[in-house]
Amino acid sequence: MAMDDVAFAAGSSSASMDAFAASSSSAAPTDSSHGWQKVLPRKNRKHAAPAAAPASAAPDLAKSNVFEGVDKRSQERHRAIRAARDAADEADGSIAAWGARSDDDEYGSDSDEAAKPQAEEVKKPKKPKVKKPKVTVADAAALIDAENLAAHLIDVSASYENQEGIQLMRFADYFGRAFANVSAAQFPWAKMFKESPMSKMVEVPLNHVPEPVCKTASDWINQRSSDALGEFVLWCIDSIMSELSGQPLGVKGSKKVVQQTPKAQVAIFVVLALTLRRKPDVLVNLFPKVVGNSKYLGQEKLPIIAWVINQASQGDLVSGMFYWSHSLFPALCAKSGNPQSRDLVLQLLERFLTTPNASKARGILLNGAVRRGERLVPAGTFDLFMRGAFPVPNARVKATERFEAAYPIIKELALAGPPGSKTVRQASQQLLPLAVKAMQEKNAELSREAADIFIWCLTQSSECYKQWDKLHPENIGASVAVLSKITSDWKTLAPKLNSEALKTTLKILKAKNEVALEEAEDSGKKASIKEADKLCKVIIGRLSRGATCLKGSLLVIALAAAAGFALSPNLDLPADLAMVQEHLAMVPEHLAMVPEHLSVLSEKLQAMASQYLGSF
């Protein structure tokens, strides 16, 4: 607009134009250092025409400093910044961000009035945060009222009469509300289960719940069906496992671990423990769904599974032991060399074998050695445990002594049962091939123990002799170990073995030895075959001599009895016949020990004869 006015003035008055030109020409030499020039973009310079300002509007640039106002305002702003910074430092505040902003905006339009409120705002003291009161598990549990719980369960049972699944979820919701204010810091269960001993963790968290509450809940649980409880228990375990997969949750760049707090996490452990203790069979019924499932396996999940099994054992020791021997030990301890896993599994076993004490625990477990047609300690678990108790000398570890201490009761449970019963026959047929495999390993202690198991199998089932016949050609070394054991302990073992089945089997083995000896090329194998053949001949000879002596012993007994009847004046026929029958019944049981039995019988007969003769 100023340029247009100048042009208009020049056109309207030539006199004014002359004066303007004269003024411009006279001022030109003095404007070289202080005059204003309009700076245009490079592309517009060609089109821009120089224009002059009117004389009345042009300032005297030579006599004044045009940057004086700008410098003054800048100095004022810097003084305000320094004053605000000093005030903030005195109040222990930090205005680093505000100072950076002021430096970046040095030539802005800020003023003293804009800086002062900001400085005063920094000086305001911070309000202290109000901390919420900490609620522990014990505090929350103490507030649960048994009568209120009973009323709630009655209402839930009536509202969802035919929907047990919903009833159980409402049951869990009640405890969820009761423990809702318990933070993760008050119940760091993942850390507790990992670091605490088994004996301490078994009571967590029910040790805080009042006994009347536990009884009310247990009585109500007892009225629910096994199927509904099974689904509920599986849901609880899955909830814990899914939460465990997200722990620990750490903030990036921070060493602090933040544990996520799930809704009603304490409640899940409470209702799960109550259910397993009241209905421990539920866990056994879940065995097919859980065993071998990777969802429930792993080092980080082991403490939870151990806790679950321990809760079931509180209600029924046999149920806890069943799950341990069928699932936990074979799946983890046997296949993993992790010392922590092994320690936790053995802790659980040791607790089973000493709860409430060793004597009572043994009796309880032996009474439940066979349940629903299944053995408490299956053959595979026993074989694995035997190998843990009898390692090679250079493979012994700290846990070996614990295996050795528990081995006798594990062996007793694995072999328990009425002799000749169906379950015992099945166990013997399952154990015999495992014993053969163990004897083939270069481990003297393991081989001796496996030979004992093999011979026990022979005493329980005639089918085991047929198994021996089939396994012999490929396992001659194992046959040598068994035959050596029978030969050395003949007096003890002969009465327990089936003499006819043993004799028949040994004859078959001899025939196979002859064929194997012709085909064998290795000198070591030939030596084993010859040793087996030699032992077979020795045992067959003993069996044959025993049968011959039996006939003679029967004849001696018959003659002695007849002489006694003839010489006795006071013949008590029924009593004497009973005595003879008793001696006759003893003969078959001691068939292989004929010489020893004959000596005993001879002494008895002599005593009888003396008694009869003394009556004259």
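## The loop with Pro 205

Pro 205 sits in the loop between α10 (198-201) and α11 (211-221). A cis peptide bond joins Val 204 to Pro 205, with omega at about 0 degrees. The model is predicted: local features need pLDDT of at least 70, side-chain atom pairs count only at pLDDT 80 or more, and totals for chains, interfaces and linings use all residues. Residues are numbered from 1 along each chain as its sequence is written, and side-chain values use heavy atoms, leaving out hydrogens and water.

The element names follow a rule. Helices (H or I, at least four residues) and strands (E, at least two) are DSSP runs, numbered from the N terminus.

## Other backbone features

Thr 355 and Pro 356 are also joined by a cis peptide bond, with omega near -5 degrees. Pro 356 lies in the loop between α18 (339-353) and α19 (358-367).

Arg 372 is not a glycine, yet it has a positive phi of about 55 degrees. Where is Arg 372 placed? Its place is the loop between β3 (370-371) and β4 (374-375). Arg 372 counts as exposed, because its relative accessibility is 60%. Buried means under 20% relative accessible area, exposed over 50%, and partly exposed in between (1.4 Å probe, protein chains only). Why point these features out? Most residues other than glycine have a negative phi, and most peptide bonds are trans.

## Aromatic rings

The structure holds 19 aromatic pairs. Rings of Phe, Tyr and Trp (its six-membered ring) pair if their centres lie within 6.5 Å; planes under 30 degrees apart count as stacked, over 60 as edge-to-face and the rest as tilted. Trp 324 is buried, with a relative accessible area of 0%. Phe 329 has 2% relative accessibility, so it counts as buried.

Phe 329 also pairs with Phe 385: the centres are 5.7 Å apart and the planes at 50 degrees, so the pair is tilted. This pair links distant parts of the chain, with Phe 329 in helix α17 (residues 317-333) and Phe 385 in helix α20 (residues 379-389), 56 residues apart. Both Phe 329 and Phe 385 are buried. Elsewhere, ring pairs link Phe 187, Trp 189, Phe 193, Phe 269 and Trp 307 into a cluster.

## Helix α20 against α22

α20 packs with helix α22 (residues 422-439) at an angle of about 25 degrees, and their axes are 9 Å apart. That makes α20 roughly parallel to α22. Axes are lines fitted to C-alpha atoms, for helices over the stretch in contact, and angles run from 0 to 180 degrees between N-to-C directions. Angles under 35 degrees count as roughly parallel, over 145 as roughly antiparallel, 65 to 115 as roughly perpendicular and the rest as oblique.

Residues of α20 in the contact (heavy atoms within 4.5 Å) include Phe 382 and Met 386. They meet α22 residues, among them Leu 431 and Leu 434.

## Helix α8 against α12

Helix α8 (residues 164-178) and helix α12 (residues 226-244) pack at an angle of about 45 degrees, with axes 9 Å apart. α8 and α12 are therefore oblique to each other. Their contact includes Leu 168 and Phe 171 of α8, and Phe 232 and Trp 235 of α12.
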